[in-house]
Structures are given as structure tokens and as C-alpha cells.
Amino acid sequence: MHTQLKLITMPFSRYAQLLLCTDSSAGILVGITLLAGQSWLEPWYGLSDPFLTLIGLTNLVYGLASGALLLWTSHARRLSRKALRSLALANRTWGLVACALCIYTWSEATWLGSGHLLLEAVFVCALAQLEL
């Protein structure tokens, strides 16, 4: 007997499209901004170039992955619940990492650097909550 594994999917709504578009756009925008402006942002943030590169690349890769999911689901007109939950888990994970990075860099980061990390954590955790 052959069993077939089916993905649980849901219709690709305007709400899901807006969430994925917001998620992707924010990641790409923050990633490009941090990578392009890291030498300018370093003294304002109090964070080193390699640290800003890490945060920028993480945001850019995440934004591109989220954008790929947006394009795939736009074409398929269906959104896998597993894919959306994975995206929400990635958002929550990055939110926790951003908080940990804020604590780790607390003594050297300026209020702008710490504020960026905390706002990013709040933003991605809020998106994760909306994606569930």
C-alpha cells in the first residue's frame, strides 16, 4: 500500500501576501542599509564593521528567502502552513538573537545601536505573531 504525504495548505490571501511582502522588504531594506552604510553607521551605533556586516547579511539573506517564499506562493496561489510556521519560527529566533546581541554589546553600543537591535527584535517577533 502506497501512502502519499500531503502538505497542509491554505489559500494565499491578501493578508498573507502583505505579511510576506513586509517581511521580505524589511529584511532586504535593513540588510542593504547596514551593508552599504556600515562605515558611516559604525560610530553612530558603536558596533564594529564585522558586527554590522553579520547583522546586514543575516537580514539580507532572510529577506531574500522570505521574498522567494512570497514569489513561490504567489505563483502557486497556495501557502503551506509548514512554510509559514517555519518563517514565524525564524522570526522568533532572530528576535531572540537580536536581544542576545543587544545584551552582548551593551557596554560598547550607543543608544542607537542598542535601539536598532531592540526594535528589530520587537518587529520580527510581532511579525512572527501575525504569521501564526
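Two residues are in contact here when heavy atoms lie within 4.5 Å. Helices (H or I, at least four residues) and strands (E, at least two) are DSSP runs, numbered from the N terminus. The model is predicted: local features need pLDDT of at least 70 and side-chain atom pairs count only at pLDDT 80 or more, while totals for chains, interfaces and linings use all residues. Residues are numbered from 1 along each chain as its sequence is written, and side-chain values use heavy atoms, with hydrogens and water left out.

The chain has five helices and two strands. Their order along the sequence is β-α-α-α-β-α-α. Of the contacts between residues at least 6 apart in sequence, 76% join residues at least 24 apart. Of the 132 residues, 39% are buried (under 20% relative accessible area with a 1.4 Å probe, protein chains only; exposed is over 50%, and partly exposed lies in between). The chain exposes about 8200 Å², of which carbon and sulfur atoms supply 71%; accessible areas come from the Shrake-Rupley method with a 1.4 Å probe.

Helix H4 (residues 81-104) packs with helix H5 (residues 111-131) at an angle of about 160°, and their axes are 8 Å apart. Axes are lines fitted to C-alpha atoms, for helices over the stretch in contact, and angles run from 0 to 180 degrees between N-to-C directions. H4 and H5 are therefore roughly antiparallel (over 145 degrees; under 35 is roughly parallel, 65 to 115 roughly perpendicular and the rest oblique). Their crossing is left-handed, meaning that the near helix is turned anticlockwise from the far one by less than a right angle. On the H4 side the contact includes Leu84, Trp94 and Cys102, and on the H5 side it includes Leu117, Val124 and Glu131. This contact of H4 with H5 has 15 nonpolar, four polar and three charged residues. Ala, Val, Leu, Ile, Met, Phe, Trp, Tyr, Cys and Pro count as nonpolar, Asp, Glu, Lys and Arg as charged, and the others, Gly among them, as polar.

H5 also meets H1. The axes of H1 and H5 come within 10 Å and cross at roughly 160°. That makes H1 roughly antiparallel to H5. The crossing of H1 and H5 is left-handed as well. Among the residues that meet are Tyr15, Asp23 and Leu34 in H1, and His116, Phe123 and Leu130 in H5. By class, the contact of H1 with H5 has eight nonpolar, two polar and three charged residues.

Ser24 also belongs to helix H1 (residues 14-36). Ser24 counts as buried because its relative accessibility is 7%. Beyond its neighbours within four places in sequence, Ser24 contacts Gly63, Ser66 and Gly67.
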